Amino acid sequence: MIEDMFIEPRYHLHRRKGWIEVVCGSMFSGKTEELIRRVKRAEIAGQKVEIFKPSVDTRYHEIEVTSHNENRIPSTPVTSPLNILLMVNEATVVGIDEAQFFDESLVYVCEQLARKGIRVMVAGLDMDYLGKPFGPVPMLMAVAEYVTKVHAICVNCGDLATHSFRKVSNSSLIMLGEKDTYEARCRYCFQEGMSELA
Ligand code: ZN
């Protein structure tokens, strides 16, 4: 197997060492599906997993992480990343979804968890609706051992999409919504759409 083809690290067998892995991309790129896939596989292997998400994300369900295709796993909503440090019990794997809505203390928290020997999986948007780095995700990408960028498909041209285009005019950074509010676009079609809105 070619070494740089991996999407996930191999478990470090000899000593329990933690690490950070980030799954990021635009809306509709399957970030949460990928997080759920990794979580379920760890659970099948008998690993104790705990999932957290910011309490701001109440689009679907208060205590579950739900992907767009309705795949779901139980999760704990928290208002601050520091609560995660307090709430993690015997977990060897910690999943964090919608990381972009947390403040920058999430970086410290993930590093503390990894130092304790925990595998930390973080999923979130890497860019906001303006195409700018979003919240703590860019910094997490810097300190993570492994980063996976997943892509959606551009609704305009069918190319790989990296950007979340907001179809309605609203300048608040956090605007929850689905297909009525956002669409996935490639860099070119995103910029085209932004100049049409301007
Ligand atoms: Zn496009």
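Four donors count as tetrahedral if all angles lie between 85 and 135 degrees, donors being N, O and S atoms within 2.8 Å of the metal (3.2 Å for Na, K and Ca). The model examined here is predicted, and its local features need pLDDT of at least 70, while side-chain atom pairs count only at pLDDT 80 or more and totals for chains, interfaces and linings use all residues. Residues are numbered from 1 along each chain as its sequence is written, and side-chain values use heavy atoms, without hydrogens and water.

The zinc ion has as its protein donors the SG atoms of C154, C157, C186 and C189, at 2.3 to 2.4 Å. The arrangement is tetrahedral because the four donor atoms subtend angles of 100 to 120 degrees around the zinc ion. C157 lies in the loop between β9 (152-153) and β10 (160-161) and C186 in the loop between β12 (182-185) and α5 (187-197), so the pair ties together parts 29 residues apart in sequence. Helices (H or I, at least four residues) and strands (E, at least two) are DSSP runs, numbered from the N terminus. With a relative accessible area of 7%, C186 is buried, whereas C157, at 45%, is partly exposed; buried means under 20%, exposed over 50%, and partly exposed in between (1.4 Å probe, protein chains only).

The largest nonpolar core contains 25 residues, and I84, V94, I96, L113, V120 and V122 have the most contacts inside it. Such a core is a set of buried Ala, Val, Leu, Ile, Met, Phe, Trp, Tyr and Cys residues joined through side-chain atoms within 4.5 Å. The helix α3 gives the most to this core, with six residues.

Technical notes
Four donors count as tetrahedral if all angles lie between 85 and 135 degrees; four count as square planar and six as octahedral if opposite donors are over 155 degrees apart and all others between 65 and 115; anything else is irregular.
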